[in-house]
Amino acid sequence: MKNNRRDFLKKSSLGIGLAGAGFMPLACNSEKKDSAEGAAAAATTENATSDSKVKKPVVISTWNHGMPANAAAWKLLKEGGNALDAVEAGVRVPESDPEVRTVGLGGYPDREGKVTLDACIMDQHSNCGSVAFLQDIVNPISVARKVMEETPHVMLVGEGALQFAVEQGFERTNLLTEASKKDYENWLKESKYQPAINIENHDTIGMLALDEQGNLSGACTTSGASYKMHGRVGDSPIIGAGLFVDNEVGGACATGLGEAVIRVSGSAMVVEMMRQGASPQEACKTIVERIYKKLKDVENLQVGFLALDKNGNYGGYAIHKGFNYAIYSNTVNNELIDATSMFS
């Protein structure tokens, strides 16, 4: 009887501890279960339900600029290349494209008229690298990878990040194109800062890939919110916020207002939900709802998450309608999908 009583108390205290930490098993939480079932039913085109059959390789990325990024990543994946090389090659495409106004070259500047870039990268071994408030370098994702591979650190910022990049052979480039300069000059006439959801918040490309070897990697890169305060850093270079990869479970990335994502460690929490048994779609939905419950007033605020699990299942979910993402696999030929959302 003593052993039985001791076992009961141990199990009870464990359950209380998990509940206090916010990690209730999905099967024991009827509210989350109902929410998850609703998400799966509403998103059949988004591969919302987990499938034990592994589908690989797969690459997914945020927004319409994810289409050319996916194409570059897929060239490597279809030939047996690794996921880390694929995500770096993929996001370098919008970084280098001056027509993509929210990533890399030609990105919208801050309030001082300077283009500042943030990026991070993470591989299957939980190695990661990051740069923030980086100026004059077209491809911050490649600098982030150098931080991961050539230094004992995870993040370098500002002048230190620029110095490191130059030492690694990266060329300095003026990132403020004529188009971005003209927009900045027009903005100066009133100098009002009011982000427009699904316009200004196309500020990120997040990419996740599963390669033929069954390994996951991810990348995230941005020029940040348009006309932000000089020195502002969002979620995109922060491991666990803008990006997180766990090779045992899956990966996730975020887009939208970085401050809201940072407050809940968004991408890490999406992956943790998948660890507990949620599908990628369910996991994204749960964390978006968590942000909504904390902030309440989201009329002018957009946040979206994208997730890919170890079996190649994927999903996406956002606060507002308008978030889309690109998927490329052996069965899906680089299609753009409209994610489901809390509000239409």
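Author: Two packed helices are described by the angle between their axes and the distance between the axes. Here α5 (residues 140–150) and α6 (residues 158–167) pack at about 85°, with axes 10 Å apart. Helices are DSSP runs of H or I, at least four residues, and strands are runs of E, at least two, numbered from the N terminus. Axes are lines fitted to C-alpha atoms, for helices over the stretch in contact, and angles run from 0 to 180 degrees between N-to-C directions.

Before we go on: this is a predicted model, where local features need pLDDT of at least 70 and side-chain atom pairs count only at pLDDT 80 or more, while totals for chains, interfaces and linings use all residues. Residues are numbered from 1 along each chain as its sequence is written, and side-chain values use heavy atoms, leaving out hydrogens and water.

Reader: How are α5 and α6 oriented to each other, roughly parallel or roughly perpendicular?

Author: Roughly perpendicular, because that label covers 65 to 115 degrees (under 35 is roughly parallel, over 145 roughly antiparallel, the rest oblique). Val-143, Lys-146, Val-147 and Glu-150 of α5 meet Ala-161, Phe-164 and Ala-165 of α6, contact meaning heavy atoms within 4.5 Å.

Reader: And how do I read the sheet?

Author: Strands of a sheet pair through backbone hydrogen bonds, either parallel or antiparallel. In this model, an open sheet of eight strands runs β4-β3-β2-β6-β5-β1-β11-β12, with mixed pairing; two strands pair if DSSP finds at least two bridges between them. β4 (155–157) and β12 (335–338) are at the edges with a single partner strand each, so one side of each has no neighbour in the sheet. From one strand to the next, the twist averages 15°.

Reader: How many bridges join β11 to β12?

Author: Four, and the two strands run antiparallel. Asn-324 stands opposite Asp-338 in β12. Helix α3 (residues 66–77) packs on the sheet too, touching β1, β5, β11 and β12. As for α5, that helix lies across β2, β3, β4 and β6, at about 130° to β3.

Reader: What about the loop between β5 and β6?

Author: Look for Asn-215 there. The Asn-215 side chain makes a polar contact with that of Asn-247 (3.0 Å). A polar contact is a pair of N or O atoms within 3.5 Å; within protein, one must be able to donate a hydrogen and the other to accept it, and residues adjacent in sequence count only if both atoms are side-chain atoms.
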